[in-house]
Amino acid sequence: MSTVEIVEVRGKVEKEHPMEKLLRMDRIPHIWCPTCGIGTAVKAFATALEQLEIDYNNVAVVSGIGCTGRVAGYMKLDSFHTTHGRAVPFAVGLAIAKPKMKVVVFSGDGDLISIGGNHFIHTARRNVDITVICVNNFIYAMTGGQVAPTTPILANSSTTPYGTFEYPFNLPLLAASSGAVYVARWTALHVRRLTNAFAEALQKRGFSFVEVIAPCSTLYARRNKLGDGLNLMKFYHDNSIIKHGADPREVDIGFQEKIVVGKFVDIEKPTYLDCLNDGYKRVFGDAYKVYGEEDE
Amino acid sequence: MTKIKTVKADPRDVLTGEHYLDGNHASAEGGIAAGCKFFGGYPITPSTEIAERISQRFPKVGGIFIQMEDEMASMNAILGASWGGVKSMTCTSGPGFSLMMENFGLGIMLETPCVLVNVQRGGPSTGLPTLPGQADMMQARWGSHGDYEVIALCPDSPQESFELTIHAFNLSERYRIPVFVMTDECVGHMTEKVVIPGAEEIDLVPRRYTDKSPEEYWPYIPEKDLVPLMPPVGKGYKFHITGLTHDYRGYPVINAEVQEKCVRRLMDKIIKNAKDIIWIEEKDIEGAEVVLLSYGITSRVVQPAIEKAKKEGIKVGQIRLVTVWPFPEERVRELASKIGAYVMVEMNYGQVYYEVERCAAGKCKTVLVPHAGGTVHNPEDVYVAIKEAVK
Amino acid sequence: MSKTEIKITGFGGQGVILCGYLIGKAASIYDNKHATLTQSFGPEARGSACSAQVVVSDSRVLYPYVTHPSIMLAMSHDGYATHKNSMADEAVILYDQDLVKPEEHKAGVKVYGIPATRFAEELGRKIVSNIVMLGFFSAVTELLDREAVQKAVETSVPKGTEELNLKAFDKGYQYGLELKSEKAEAVTKA
C-alpha cells in the first residue's frame with residue numbers, strides 16, 4: 001500500500017534528488033521500511049563519497065543477502081549483489097584484480113558475521129584493502145526477525161521467542177582482533193559522525209570496518225519494546241556514549257543497555273598486496289614485477 | 001554464428017617444451033598459458049598440486065595466488081577477480097566441490113567466465129582422498145540449485161589436462177560461463193610427457209567486452225549467440241549485477257515472466273550453441289554392433305577390452321566424450337537405431353549412463369559397467385560387458 | 001608392441017618417487033618411448049612404505065597401473081616382501097643389499113643385489129642411493145639408453161648436485177655391468 005503511494009508521490013516530484021548522482025533513481029522506491037536505519041547509512045555513505053571528491057567510477061559496492069544486502073542495488077556505482085555471506089570473498093577477488101579501485105562491502109550482521117564470519121576474520125587478518133560497512137540490525141530482518149549472532153542476550157526474536165540466551169559477538173572487537181586497521185561504530189542517529197567515519201574508512205589503506213547500529217524498526221524494536229522510529233532515535237540519543245579510542249573489549253552491547261560508539265582503531269599497516277609485493281621483491285629482486293602498480 | 005576473434009598466448013606465460021608432468025601440474029600450466037592471473041583455492045587432496053604449482057609460478061608471470069579460507073571463499077574470489085577483468089581459476093575435489101556448488105550457481109547467474117578444475121576422488125563424504133573416482137559428473141551437471149546448463153571437459157592424460165584447461169578458459173570467455181575441467185585422481189597424479197607448444201600456437205578467446213558507451217549499455221542484452229557482452233569495471237558503466245532473477249538491466253525482478261526469460265536464455269546460450277561446444281571422438285562407428293562410451297581415464301582403460309573383443313570378431317565402435325556436458329544427445333539418439341547396444345563405462349554407479357539410456361530410448365540395449373572408484377576398471381570386466389551386450 | 005612394468009619400492013624419503021620419475025622422464029623425453037608414472041599417495045608417501053610404478057612402452061600406455069611388474073627396484077625389505085609375489089614370471093629384481101634380504105624365487109626370476117646405500121655413503125651423501133639404484137637398473141636391464149637416463153638425472157636433480165648424482169649413477173652402472181658379466185661367466189662355466 002504505502003509503496004504504491006510513494007511511487008506516485010515521487011513521480012510528481014520534479015526537483016532533482018540531492019543524491020541522484022549516486023543513486024539508481026530508476027530503482028527508487030527502495031524496499032526498506034520507513035524508519036529503517038539502512039537508508040540513513042546509505043545517505044551517509046553517499047555524502048562521504050561526495051565530500052571526498054573521489055572518482056565514482058573507481059568505487060565498487062559489493063553486498064551479500066539480506067536487507068542491507070540490497071544496498072548494492074541502489075548505488076549508482078559498479079555494484080555486485082552476491083550470495084549470502086559471500087560478499088567479502090567476492091570483494092577480495094575484485095580488489096586484487098583492481099588494486100586501485102575502492103571496493104566497499106555493504107551488508108548486514110547476519111550476512112557478514114554469521115554465514116560470512118569466517119571470510120570476515122580472514123580478510124581482516126590479511127588486511128586486504130577493502131572497506132566493510134556492517135549495518136547491525138540485531139536480527140535477520142529479511143527473513144522475518146530471527147535471532148542473529150548480534151542479538152543482545154535476553155532480546156526477543158522470532159526464533160528466540162522466550163528470549164535469547166546465547167552470547168552475541170562484539171563486532172568491533174572481532175574486527176580489531178582479526179587485524180582491521182580502522183574500526184568505528186556509530187548509530188543511525190549519528191549521521192554526521194557516521195559520514196565522517198565512512199570518509200575516514202574509505203581513505204584507509206587496508207581492511208577498514210564501520211559498524212552502524214540500527215536495530216530493525218519493524219521486527220526488533222517492536223518486539224523488544226523500543227517503540228517506533230522516533231523512539232529508536234531517542235533510545236540512541238539517551239543511551240549512546242561516545243568514547244573514542246575505547247578498548248574494543250569493552251564495547252559489548254547488552255540488552256537495552258548503553259551503546260559505546262566512536263572510533264576504536266585507526267592504525268597504519270601494510271596491506272595484503274603490500275606484503276605480497278615486498279615479500280616477492282625480497283625473494284626475486286629486480287626480476288619481480290610489482291603487482292598492481294600499473295592499472296591497465 | 002557470432003564470429004569470435006582470438007589472440008595468441010603471451011610467450012611469457014607459456015612453458016614451451018617437452019616436460020614430464022603429472023596431470024595436476026599440466027592443468028596448472030594450461031591455466032597459466034591461457035593467461036590466468038588469479039587463483040583462489042583451498043588445499044584438498046588430490047588437487048593440491050595444481051595450487052602448489054600455481055603458487056610457485058604466479059609471482060614470475062604477474063599473477064596472484066591466494067589460499068582462501070575455504071572453498072566458498074575460493075569460488076567467490078575467482079568470480080570477483082573475473083569481474084575485475086582478470087582470468088581466474090580454482091581447483092578442488094570431493095567435499096570442496098560440494099562447497100563450491102552454491103557460488104558456482106552465482107557464476108552461472110552472473111554469467112562469469114572462470115575455470116574450476118575438479119580432480120575427482122572416491123566419495124561420498126571424505127571417501128577416498130587419494131584414489132580416483134568419476135562420481136561427481138552429475139553433481140557437475142546439477143550440483144547447484146535451479147535450472148541451468150553447464151560445460152564440463154574430461155581430460156584422459158596430463159597432455160589433455162594442459163590442453164583442456166586452456167580450452168576451458170576459451171569456452172568460459174566465449175559463452176560467459178564457469179567451465180568445469182572434470183579430471184580425476186588417476187590423471188591428476190599420473191606423470192607423462194606433456195608437450196607445451198609455442199605461444200604462437202595457442203589461440204585464446206579474450207574477454208568479450210561491450211563496445212557500447214555507458215549510457216547505452218545494459219549488462220544482459222545478449223548478442224545473436226545469446227551471450228551478452230561484459231562491461232569493464234571501473235570505467236563508468238556503473239552496472240549492477242545480482243544473483244537474484246534479473247532483467248536485461250541486471251536489476252532484480254521477482255516474477256514468473258522475468259524468471260522465464262532469465263533462465264531460458266541461460267540455458268539456451270548453451271543448448272543452442274551445443275553443436276559448437278560438444279567435442280566427442282568417434283572410432284569404428286560404421287557398422288558397429290556395440291558402441292562403447294567413456295570419458296577421462298576410463299577411455300584409456302577400456303582399450304585392451306575393445307582389442308580383445310575385436311579379435312573375436314565383435315564390431316566395437318567407440319565414443320570418447322571429451323565434453324560430457326553438454327551431453328551429445330543428438331548423436332547418441334541417432335546411433336541408437338543403428339546399433340545393437342551401448343556400453344557405458346564410468347567410475348561410478350551410473351551417472352552419465354542414465355543420459356545414454358534416456359537418449360537410446362529403448363531403441364538399443366544399454367549396458368553399464370559400474371565401478372565405485374578407488375582404482376580404474378579392470379579391462380576384463382569391460383570385455384565381459386561387451387560380450388554381454390552383443391548376446 | 002613391447003611394454004615393461006616397473007615397480008620401485010622403499011621408504012618415504014629415500015627418493016623412490018624421484019627414481020620412478022627419472023625412469024619415466026628418461027624413457028619419454030630422451031629415449032623416444034612412452035612412459036606413465038603412478039605413485040602411491042597419502043600417509044604412505046609421508047614416511048613409511050612408499051612405491052612408484054612406471055609403465056614403459058613403445059606405443060601409448062593405455063592402462064596406467066602396474067599389475068605384474070617385470071622389474072622391481074627394492075630399497076626396503078618390507079617393500080620387497082610386499083610386492084615380490086606379484087612379479088611377472090621372468091622378472092628382474094634389483095635390490096639394495098644393505099636393506100633387503102632376498103628370499104628364494106622361482107626359476108626364471110633373476111635377482112641382483114648392490115650395496116647401494118653403502119656406495120652412496122662412500123660418495124658422501126646417503127640420499128643418492130636411489131641414483132645408485134637407477135644406474136644399476138640401467139646397466140642390468142638395458143631397458144633404456146644410458147645417455148637418456150643420465151640426461152634425465154642431469155636435468156632433474158637440484159642445481160649444484162648434478163656431479164654428485166651423475167657419480168652415483170656411474171657407480172651403480174659400473175657395478176651392474178661387472179655383476180652382469182660375472183653372472184654371464186658363471187652361466188658359461190656351468
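Which two chains do not touch, and how far apart are their nearest C-alpha atoms? They are chain A and chain C, whose nearest C-alpha atoms lie 17 Å apart. Here, contact means heavy atoms within 4.5 Å.

Good morning. Before I continue, some notes on the basis of this talk. This is a predicted model, in which local features need pLDDT of at least 70 and side-chain atom pairs count only at pLDDT 80 or more, while totals for chains, interfaces and linings use all residues. Residues are numbered from 1 along each chain as its sequence is written, chains are lettered from A and ligands numbered from 1 in the order in which they are written, and side-chain values use heavy atoms, with hydrogens and water left out.

Let us begin with chains A and B. Of the two pairs of chains that touch, this pair has the most contacts. On one side stand 41 residues of chain B, and on the other 40 residues of chain A. The size of an interface is often given as the accessible area lost when the parts come together. Buried area is defined in that way, with a 1.4 Å probe and a sum over both parts. For chains B and A it comes to about 3400 Å², with 61% on carbon and sulfur atoms. Within chain B, the residues that lose the most area to chain A are B:I64, B:E69 and B:K238, which together account for 20% of what that side buries.

What charged pairs do we find here? Two salt bridges are counted between chain B and chain A, a salt bridge being a side-chain nitrogen of Lys or Arg within 4 Å of a carboxyl oxygen of Asp or Glu. The side chains of B:E102 and A:R86 form a salt bridge, at 3.0 Å from N to O.

Several elements of chain B supply at least two residues each to the side touching chain A, including α2 (48-61), β4 (64-67) and α4 (94-110). The greatest contribution comes from α3(B), with eight residues. Helices (H or I, at least four residues) and strands (E, at least two) are DSSP runs, numbered from the N terminus. By class, this side of chain B has 23 nonpolar, eleven polar and seven charged residues. Ala, Val, Leu, Ile, Met, Phe, Trp, Tyr, Cys and Pro count as nonpolar, Asp, Glu, Lys and Arg as charged, and the others, Gly among them, as polar.

The two chains also share strand pairing, for which DSSP must find at least two bridges. Strand β2 of chain A (residues 78-81) runs parallel to β12(B), and three bridges join them. In this pairing, A:H81 stands opposite B:T242.

Chain B is divided into domain 1 (7-204) and domain 2 (281-390), with bounds from an automatic or database domain assignment. The centres of these domains, taken over C-alpha atoms, are separated by 27 Å. In contact are 26 residues of domain 1 and 23 residues of domain 2. The two domains bury about 1900 Å² between them. On the domain 1 side, B:Q134, B:M138 and B:D156 supply 32% of the buried area, more than any other three residues.

Three salt bridges cross this domain interface. B:R320 and B:D156 meet in a salt bridge through their side chains, at 3.4 Å from N to O.

Finally, we come to chains B and C. Here 23 residues of chain B are in contact with 18 residues of chain C, and the buried area is about 1700 Å². B:Y20, B:H189 and B:R300 lose the most area on the chain B side, together 38% of what it buries.

Which side chains form a salt bridge between chain B and chain C? They are those of B:D156 and C:R60, at 3.3 Å from N to O. By class, the side of chain B that touches chain C has eight nonpolar, eight polar and seven charged residues.

Thank you for your attention.
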